[in-house]
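Student: Could you walk me through how to read this structure? I would like the general idea behind each feature before the case at hand.

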Amino acid sequence: MTSYSKEVIADLVAGKLPWPQTRRIMSAYKDDDRFFKYIQVLQDRVGWNDPILLPVSEHLFICDSPEGRVTKCECGHSFGDYRKNWKLSASIIVRDTEEALREIYPTSDIPDPQWMEIREFICPQCGTLHEVEAAAPGYPIVHDFEPDLEGFYREWLGRPLE
Amino acid sequence: MLNKPTAPIRERLIESERLMEQTGCYNGITELSLRNDDPLRFETLHTKLRAYCVSAREMARRISASPGVREVGEMVVAIYTPEGDAIALSNGIMVHVHTMSRFIKWMIRNGYEENPGIRDGDIFANNDAFIGTVQVPDVMDVMPIFYDGILVGWAGAVCHELEAGGITPGGDVALAQERFTEGLFVCAEKVGENDELRRDYVIRCERNLRMPIYWVLDEKAKVASCIDMRESVKSLIDEIGVDYWLKVSKEFIEEGRRAQLARTRQLTVPGKYRGHTFYGHVTEGKPGYQPLGDPNWLYNIPIEMEVGLDGKITMDFEGTQPWGYHSMNCTPAGMDGGMFVTLTQHMNFEGLVNDGAWMATELKLPHGTWTNPDNELVATATSWALLLPAYGVFQRLLSRSFVARGFVEEAFVGQVNSPMIEMGGVSQYGTPFGMAHFECAAAGSGALAIKDGLDTAYVGWNPESDMGNIEIWEQNMPMLYIGRSIVPNSGGAGKYRGGCSFESTWLINKTDHLRLVTSEHSSRVFDNAGMCGGYPAPTCQKHRAVRNSNVFELAGQGRPLAHTPGQNPYHSDFEMRFEGEFELVEGPYITAPHKSGDIFSHSYNGGGGYGDVLERDAEKTAWDVENGFLTKEAAEAVFGIVLHEDADGMPLPDFDATARLRKRKRAERLEKAVPVSQWLEKERERVKHADFAPEVRKMYASAMKLSQRFTREFDEFWQVDGKAVFAKDAK
């Protein structure tokens, strides 16, 4: 069975693994013990101790906290119950003018702000940009991911959550 | 047993489907007995079949005259069961493996065994998307494989034709608003017998196409590849026996189905994933469009993907827009094809790749939408315009699951539209001509979760993306390249940027009548997106042309020319270097013919970014600036990376200044940002009053007309009565 050390997984996640090695990992049979090593790598990275149950974005994790299972930023800020859309508890910058869009697209054609805006969802504590939505004005905010957390741990990982 | 080999093929198909329904397993195969008995033999046989396909395709590419097939590999071949399920396939435009499956099944269901008959040596062709293809230029040929008088399978091949004889030259016929202007249709037709194309069919092609040499020689290439695969399969059956063949070929598919379910359980996380993208179709004031509907449309493409605990992936397009009088509609066959080609790239990188993977998924395509029109007269000539953005969403949804599961090396921000340019008129040789220019098969890809996207090297429909050689394109069209360049800042910004696009600038040469047409050209909105904090790549770029330019005079004087439109969106290099009549055209390019001395530029698209821009590596960025992928100004303004120049004028990162600038940018974000709840309160007032552009209002009204769920979710989110808000726009 394919397996890699925690250090290799840490370098892979950080984008630091040399490309030939990364390429071999991409081409090889997948390592079935990846998930828990990955969680360990992420747990080492964050500055808090609540156990990570599932990453949902680059710096957002569902974790087991004293207040229950919550979505938490890497900085420690909690967005509340993991079943609710964390974006609704975030801060937002909306680029809905030509000037604001031009800041990100300095040399290219840009959308018509009457037809489309950019919404930047930001952690109110550390300012990390967690997600960007490009949507028509008035489009409801998307709830990106509702994991079947219980089913995942119970049936796919064989370690039911308590 | 109704599905015994001597039973009529329609009964065999019905029985096969009944067995699948009854057991949940392909053809009722609940146990992979041949695989279990001798796994090595099982694997070896499938590898042989795959080798037959790859070899047949390579041989056929050398028969073709089309640079689309020869240069950029716009072809795929596959071997099917008698019922039309793919057992093994070649590389290439794998989108068509399942569309051909639909074509074969359509003939079986429609009684082709009785009339026109299915006999050894017959050749059947199709390019009707409602029977089984994506768009008119995707012409497929299939031939039955008989062994001792028994139908034991099919060999099939597809080429994308560069000219389809529609209202505009090429195959992605942007101006088609109904099927009657899309081009030459061949609707599940018997076009040959005894291994030979019928002469009357070839004559029909020769008399209805602008450039028949491409289509006709591609037909010969496809027939040759089908015969090659057929003979290989028959030789294999000589070795293993017909009973073993009939059994093992179906076990291959069931194995493929099980492998897909297992891979989903291995690589993803169960649950619901959601995303969306948009497409802007602007035709107002363009010549040739009939006033059959609104001239400008905004399409929303929302997707909900569910990964079940059994590993089944379901994709639901509920809430999207209705079909329209334009060429971007898609059929269920095209939607299947999009799903299949995406799966082959992202999940089926090992094991047996065949129709089994498709059977482990489900598409929910709401009736009456562009994904499943309730009118078979609609045009589908440019269905890729909506398909590519849609399956880019699918790639991001899958990638979210890969990131959650830890397989970050597989996460990919997705494919993008790559606008096509097509042309026709009088060639540089003084002859009539028409063709699609396939350098579009090399856009920028979305970023990965661990590295930047591929620059000028990826499109979703063909994993072996290639832009082709300039010299070959120049041989085939009356235009000379005066520039083919990477477009700086064309990848979406992020910790890992999207792949950059390129743009070509041509001098029209040795013709006084050249029609240029473009398609898949979204306007006014992004039709791609970023992920995990990354930004979308820029929108499609407008077309720039100079008519009656002074290029020959400048060249004669040895003065500099403009080789790209440059980096100022408000004032192009063309205007600085050339004299003449300047054009700036949004959306599909449909204008008066060009002639020798005119200049034209066409830009392809980059991919979306991944992760927060303020985490991008400064050294990598310096390399990007040095090599023209980013401008120094964008590095500082967008990514917060300060670059100085070394003694040779090469960019060098200033790490301390970068850290200071990023700290400031982060603080500025927090100052500018407001709580989402506060923004929603303000936005709700806007929604209540439908304070939007007419096209935006129409989009909401149309989505609500077709989808109760979209209406309910909109109403719940904004606490409004959406139908009442957009009542005026629903008319």
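Tutor: Gladly! Let us begin with contacts: two residues are in contact if their C-beta atoms, placed from the backbone, lie within 7 Å. Keep in mind that this is a predicted model, where local features need pLDDT of at least 70, side-chain atom pairs count only at pLDDT 80 or more, and totals for chains, interfaces and linings use all residues. Residues are numbered from 1 along each chain as its sequence is written, while chains are lettered from A and ligands numbered from 1 in the order in which they are written.

Student: How many residues of chain A are in contact with chain B?

Tutor: Here 60 residues of chain A are in contact with 76 residues of chain B. Strand 7 (129-135) of chain A is among the elements giving two or more residues to the chain A side, and strand 7 of chain A provides the largest share of that side, five residues. Helices (H or I, at least four residues) and strands (E, at least two) are DSSP runs, numbered from the N terminus.

Student: What classes of residue does the side of chain A that touches chain B have?

Tutor: Ala, Val, Leu, Ile, Met, Phe, Trp, Tyr, Cys and Pro count as nonpolar, Asp, Glu, Lys and Arg as charged, and the others, Gly among them, as polar. That side of chain A has 34 nonpolar, 13 polar and 13 charged residues.

Student: In which sense do strand 5 of chain A and strand 22 of chain B pair?

Tutor: Strands of a sheet pair through backbone hydrogen bonds, either parallel or antiparallel. Two strands count as paired if DSSP finds at least two bridges between them. Strand 5 of chain A and strand 22 (residues 674-675) of chain B pair in the antiparallel sense, over two bridges. In this pairing, S91(A) stands opposite P675(B).

Student: Which strands stand at the edges of the open sheet in chain A?

Tutor: That open sheet has four strands in the order 1-2-3-4, with antiparallel pairing. Strand 1 and strand 4 (78-81) of chain A are at the edges; each has a single partner strand, so one side of each lacks a neighbour in the sheet. Strand 3 (residues 68-73) of chain A pairs with strand 4 of chain A over two bridges, and V70(A) stands opposite D81(A).

Student: Where do the domains of chain B lie along its sequence?

Tutor: Domain bounds come from an automatic or database domain assignment. Chain B is divided into domain 1 (9-258), domain 2 (413-611), domain 3 (617-663) and domain 4 (676-730). The C-alpha centres of domain 3 and domain 4 of chain B lie 43 Å apart.
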